[in-house]
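Me: I would like to go through a structure with you. Could we take it piece by piece?

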Amino acid sequence: MHDIRLIRDNPAGFDAGLARRGLEPLSADIAAQDAQWRSVATELQEGLARRNEASKAIGAAMGKGDTATAEALKAEVAALKTRMPELEAQEKALAEAVQTRLAAIPNLPAADVPEGPDETANVEEHRWGTPRRFNFEPQDHADFGPSLGLDFEAAAAMSGARFAALRGQMARLHRALAQFMLDTQSGSNGYTEVNPPLLVRDDAVYGTGQLPKFAEDLFRTTTGHWLIPTAEVSLTNLVREQILTEADLPIRFTALTPCFRSEAGAAGRDTRGYIRQHQFEKVELVAICTPEQAIDEHAHMVQSAQGILEALELPYRRVLLCSGDMGFSATKTFDLEVWLPSQGVYREISSISTCGEFQARRMNARYRPEGEKGTRFVHTLNGSGLAVGRTLVAVLENYQNEDGSVTVPAVLVPYMGGITKLAPQA
RNA sequence: GGAGAGGUGGCUGAGUGGUCGAAAGCACCGCACUCGAAAUGCGGCGUGCCCUCGCGGGUACCGUGGGUUCGAAUCCCACCCUCUCCGCCA
């Protein structure tokens with residue numbers, strides 16, 4: 001959510017930011033709507049002021065027992081009030097129109113975000129690890145996975161496309177990955193482990209920015225709840241409508257949760273394999289901090305996510321997203337992409353964004369700066385640390401052997417009860 | 001799901017139709033006292049929005065949304081949430 005004052009004060013700057021996102025200028029339109037609202041609001045307030053004045057006089061007259069004066073004043077106010085309902089309705093409609101307008105505008109890119117229309121303009125910043133040289137043709141996990149317990153067929157029979165069941169060693173490996181990630185993030189990386197709600201109300205999803213624009217990407221229950229598409233929603237909303245103490249910041253949360261996405265706009269993309277599912281697990285990282293802390297928190301979050309890939313010895317690269325490829329609420333985003341040998345490409349496995357006060361405004365999440373009066377909006381950040389399903393795919397593909405087995409990464413062996421290899425089950 | 005109680009400022013908590021943005025206490029800030037601190041005393045201290053160059057003025061806000069009234073924290077309706085008891089349940 002943008003501050004209307006910023007648009008009033010610097011319309012050109014606002015439109016320039018939108019242009020970097022590939023959007024048409026909106027400031028003139030919004031400013032006009034806003035001016036109209038203010039004029040109506042002022043007129044309404046003047047009417048209310050006169051009414052309040054007269055009502056006080058009525059109270060005073062009645063206190064003195066002067067019924068005649070009181071009755072005369074009552075008649076006067078009644079006449080004065082005839083125009084009020086209309087003005088009130090107008091004011092409300094105009095205020096809502098401006099709000100609705102603002103709520104649908106994405107965050108503006110930070111100054112150091114490269115400009116570009118789509119992912120082709122993203123900038124690779126860092127590369128870690130060397131893709132393994134196979135002395136055989138590396139296979140697609142969708143091909144050799146099923147014999148290791150990755151069951152698409154049975155899941156499709158009960159749930160349809162984009163669902164999978166993990167069995168036996170495969171389920172264990174998935175759990176090991178999740179546990180390892182959660183332990184690491186809640187340990188030395190300093191994120192407080194949370195087990196949050198997976199079903200949330202409109203306000204929460206609006207707060208993080210998935211609503212109102214992206215309802216079609218979400219699942220909704222018959223009770224009107226939304227299934228979270230990411231724990232970013234639950235973790236960030238942990239501070240909604242709160243006034244935090246500066247000394248408590250930064251606050252870091254992590255959670256291992258299922259995520260639910262309808263993938264409405266992804267028809268035909270990644271239909272094979274375990275890359276794009278309606279339901280997947282993810283270890284999420286969220287930070288709530290002051291504006292001054294945000295850059296360091298972002299760096300720390302990136303480190304926290306990269307650390308997982310490095311511990312698993314999975315080659316990856318870090319990409320700074322260009323203005324046109326960022327999500328709705330982000331002002332700056334790094335993606336981590338892991339090497340998938342079967343496709344010979346790096347695929348997104350984590351997205352780490354700083355949102356400035358964009359989400360905080362929507363959630364009304366503030367803090368009280370020390371030695372300053374009043375409150376300020378917090379900054380919010382979120383990132384995957386990591387997507388468990390996609391990490392499983394990366395492990396399977398990078399650690400595959402010619403005989404169809406998969407070596408368990410060393411760091412996971414303790415989580416596997418000593419199992420060092422997934423072997424095909426005929 | 002049923003019955004009951006309740007949601008008031010950063011916190012605790014008064015207030016059941018008018019002069020209530022709201023008593024009191026705590027917390028916080030300033031001043032006094034003190035070598036300094038504590039204790040004590042005095043004063044200050046909510047937020048959003050609109051108008052104004054500014055001083056300042058106006059308006060809204062007592063869970064949320066409607067309604068009654070000249071006037072609503074206070075009365076009415078709906079909803080949300082919390083607590084207690086009962087039922088059910090992993």
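Me: Which residues does Leu-396 touch, not counting residues up to four places away in sequence?
Reply: In this predicted model, Leu-396 touches His-141, Phe-144, Leu-150, Met-170, Leu-173, Val-406 and Leu-422, with residues up to four places away in sequence not counted. Contact means heavy atoms within 4.5 Å.

Me: Before we go on, what are the ground rules?
Reply: Residues are numbered from 1 along each chain as its sequence is written, and chains are lettered from A and ligands numbered from 1 in the order in which they are written. Because the model is predicted, local features need pLDDT of at least 70 and side-chain atom pairs count only at pLDDT 80 or more, while totals for chains, interfaces and linings use all residues; side-chain values use heavy atoms, leaving out hydrogens and water.

Me: How many residues has the largest nonpolar core?
Reply: That core has 49 residues, and Leu-396 is among those with the most contacts inside it, as are Leu-173 and Leu-422. A nonpolar core is a set of buried Ala, Val, Leu, Ile, Met, Phe, Trp, Tyr and Cys residues joined through side-chain atoms within 4.5 Å. Buried means under 20% relative accessible area, exposed over 50%, and partly exposed in between (1.4 Å probe, protein chains only).

Me: Which elements give two or more residues to this core?
Reply: Among them are helix H8 (169-186), helix H11 (294-311), strand E9 (279-289), strand E15 (379-387) and H13. H8 gives the most, with 8 residues. Helices (H or I, at least four residues) and strands (E, at least two) are DSSP runs, numbered from the N terminus.

Me: Now the sheet. In what order do the 8 strands run?
Reply: The order is E1-E10-E11-E12-E15-E9-E8-E4, in an open sheet with mixed pairing. Two strands pair if DSSP finds at least two bridges between them. E9 and E15 are antiparallel, over 7 bridges, and Leu-285 has Gly-383 in E15 as its bridge partner.

Me: New topic: is Ser-405 buried or exposed?
Reply: Ser-405 counts as buried because its relative accessibility is 2%. Ser-405 sits in the loop between helix H13 (388-398) and strand E16 (406-407).

Me: What joins the side chains of Ser-405 and Asp-403?
Reply: A polar contact of 2.6 Å joins them. Such a contact is a pair of N or O atoms within 3.5 Å; within protein, one must be able to donate a hydrogen and the other to accept it, and residues adjacent in sequence count only if both atoms are side-chain atoms.
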